[in-house]
Amino acid sequence: MRVDVDGYRDYVGARLEPLRRTAYLLCGDWHTADDLVSMALVKLLRHWPRVSAMDSPDAYVRRTLLRVWLDERRRPWRREAAWAEVPDRAIPAGATEGAADRLTVLALLAELPPRRRAVLVLRYFCDLSVEETARELGCTAGTVKSQSARAIEALRGRLVGVPTRFEEASTDG
C-alpha cells in the first residue's frame, strides 16, 4: 500500500503549531514537547492510509500525542528534576502583560497529577466535550467530570493558598 505523502505533509503542516502547544501544555517544556510531537507524527505516518480515511484524524493524533506523553512520563529518566531554562528569544518591551499569570498557571498545571492535567488540557485548551475527552482518555464521562472538578479546585486552592478538601483528605491518611 502506497502512503499519500503529500496528504500527510499538508495535514501536518496545518496542525503542527497546535500540536506543539498541546504537547507543551501536557509536559511544560518546549524541547520535550517537540520530541513528543515528533514521536506522535512518526506513529501517524506509519498509519496514515488508515487515519486519513477517518472522520476525525485530529482525534487520533491527539490520542496518540497523549499516549506518547504518558509513556514518556513512565520512563525512569523522566523522573529527574528539571531546571529553569533560558528563553529561546528575548521578550519585547511592553509584551509582559499577563506573562506572570501565564507562568503561574503553567507552574500550577505542572503540579497536577498527569490524568488531571490531561483532562484540563483536553477540555479547556483543545475545547473537547466531556464525552470526547472521556473517549480520548479511555474513561467514563463521570471520571472526566470528577477529575476536572478536582483539578480546578486544586488550582484555585493553590492560587489563593487555601488547602482544598481533596488535599485535606489526602493528607489525613
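Over the protein chain, pLDDT averages 82, and 76% of the residues score at least 70. Where pLDDT is low, the predicted coordinates should not be read in detail.

Here are those two elements side by side.

Now to how α2 packs. Its axis and that of helix α1 (residues 5–27) come within 8 Å and cross at roughly 140°. The two helices are therefore oblique to each other, and their crossing is right-handed. On the α1 side, the contact is made by residues including Tyr 8, Tyr 11, Leu 16, Leu 19 and Tyr 24. From α2 come, among them, Trp 30, Ala 33, Val 37, Leu 41 and Leu 45.

Further along is helix α8 (residues 141–160). Its 20 residues should span 28 Å at 1.5 Å a residue, and the end C-alpha atoms are 29 Å apart, which agrees. The buried residues of α8 are Val 144, Gln 147, Ser 148, Ala 151, Ala 154, Leu 155 and Gly 157. An α-helix has 3.6 residues a turn, so residues three or four places apart point the same way.

One more residue to look at is Glu 136, found in helix α7 (residues 130–137). Is Glu 136 buried or exposed? Its relative accessibility is 5%, so Glu 136 counts as buried. Leaving aside neighbours within four places in sequence, Glu 136 is in contact with Ala 59, Arg 62, Arg 63, Leu 66, Leu 122 and Leu 128.

Methods: Residues numbered from 1 in each chain as written. Predicted model: local features only at pLDDT ≥ 70, side-chain atom pairs only at ≥ 80, totals over all residues. Heavy atoms only, no water. Helix = DSSP H or I, 4+ residues; strand = E, 2+ residues; numbered from the N terminus. Expected span 1.5 Å × (residues − 1). Buried < 20%, exposed > 50% of the residue type's maximum accessible area, 1.4 Å probe, protein only. pLDDT = per-residue confidence, 0-100. Axes fitted to C-alpha atoms, helices over the stretch in contact; angles between N-to-C directions. Parallel < 35°, antiparallel > 145°, perpendicular 65-115°, else oblique. Left-handed = near helix turned anticlockwise from the far one by under 90°. Contact = heavy atoms within 4.5 Å.
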